[in-house]
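Here's a quick tour of how the pieces of this fold sit against each other. Have the model open as you read.

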Amino acid sequence: MPDAWSKADLHIHSRHSDGLASIPDIMEYVSTRTDLKVIAITDHNTIEGALFAKSLEDMYPGVEVVVGEEITSKWGHILGLYLTEDVPPGLSAAETIARIEAQGGIAIIAHPFANRAFGPFGLKSLGNRVAEVAFHAMEVYNSSPYLVYANRLAAKTFAGGQGWAATGGSDAHVLKAIGKGYTMFRGDTAADLRRSLDELETRACACRGGMSIAFRYMIRYPAIRRQQALNPERCRPRC
Ligand SMILES: [Zn+2]
Ligand SMILES: [Zn+2]
């Protein structure tokens with residue numbers, strides 16, 4: 001059992017959905033500008049970019065890629081990690097999670113208390129509905145600048161552990177947001193991360209600098225909207 005703890009950003013978007021950065025730019029940024037050991041590329045409704053990133057891993061020693069997808073389920077966004085094929089959008093949460101687990105993946109409820117604009121579960125429904133599905137982890141910290149209140153609520157609700165692993169991610173759509181939210185895990189490889197998630201010992205963490213991230217998003221938002229228009233099927237906020 002490794003003693004050292006490392007950082008993983010488990011929620012990153014690329015140009016393959018509505019992120020502004022290309023996969024090679026993301027790999028370059030992570031390896032030269034961050035201390036992340038593992039990243040998950042989680043584009044909306046496709047693993048295309050994540051597979052591309054995985055194929056570049058050898059060029060960036062010290063950074064491991066987990067193939068992920070942010071799937072638009074009927075109830076909201078669900079992150080699937082350790083995937084080998086696309087999970088389609090538009091299914092119930094239970095069916096989405098079943099598809100993730102059928103291919104050996106891990107299902108994480110993304111930004112559980114975000115408002116409807118993000119297409120997720122919503123304040124009122126979450127408490128009732130979470131009991132109906134068995135997922136593996138909950139994203140209790142998401143550094144998207146709009147989610148300050150939602151993060152606080154998630155942290156409060158899930159403090160103390162309820163049989164789920166806690167994760168943090170940046171939900172980065174621009175390079176400089178990468179790593180601003182992250183997950184601490186024991187070890188330093190994608191396999192270690194998986195074990196840490198299985199043992200429910202991960203921790204969700206945040207970097208300081210929320211205001212500057214928010215400002216960066218604000219000025220890049222028109223570009224993110226244009227990128228969404230390029231991938232309309234993948235980026236529809238809800239189904
Ligand atoms: Zn989302
Ligand atoms: Zn996202």
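## Helices on the sheet

Helix α3 (residues 93-102) lies across β3 (64-73), β4 (76-81) and β5 (106-109), at about 10 degrees to β4. Helices here are DSSP runs of H or I with at least four residues, strands are E runs of at least two, and both are numbered from the N terminus. Axes are lines fitted to C-alpha atoms, for helices over the stretch in contact, with angles from 0 to 180 degrees between N-to-C directions. Contact means C-beta atoms, placed from the backbone, within 7 Å.

This is a predicted model, where local features need pLDDT of at least 70 and side-chain atom pairs pLDDT 80 or more, while totals for chains, interfaces and linings use all residues. Residues are numbered from 1 along each chain as its sequence is written, with chains lettered from A and ligands numbered from 1 in the order in which they are written.

## The sheet itself

The sheet is open and mixed, with 9 strands ordered β7-β6-β5-β4-β3-β2-β1-β8-β9. Strands count as paired when DSSP finds at least two bridges between them. β7 (165-169) and β9 (203-206) are the edges: each has a single partner strand, so one side of each has no neighbour in the sheet.

Over at that end, β8 (residues 181-186) and β9 pair antiparallel over 4 bridges, and Y182 has C205 in β9 as its bridge partner.

Technical notes: Two residues are in contact if their C-beta atoms, placed from the backbone, lie within 7 Å.
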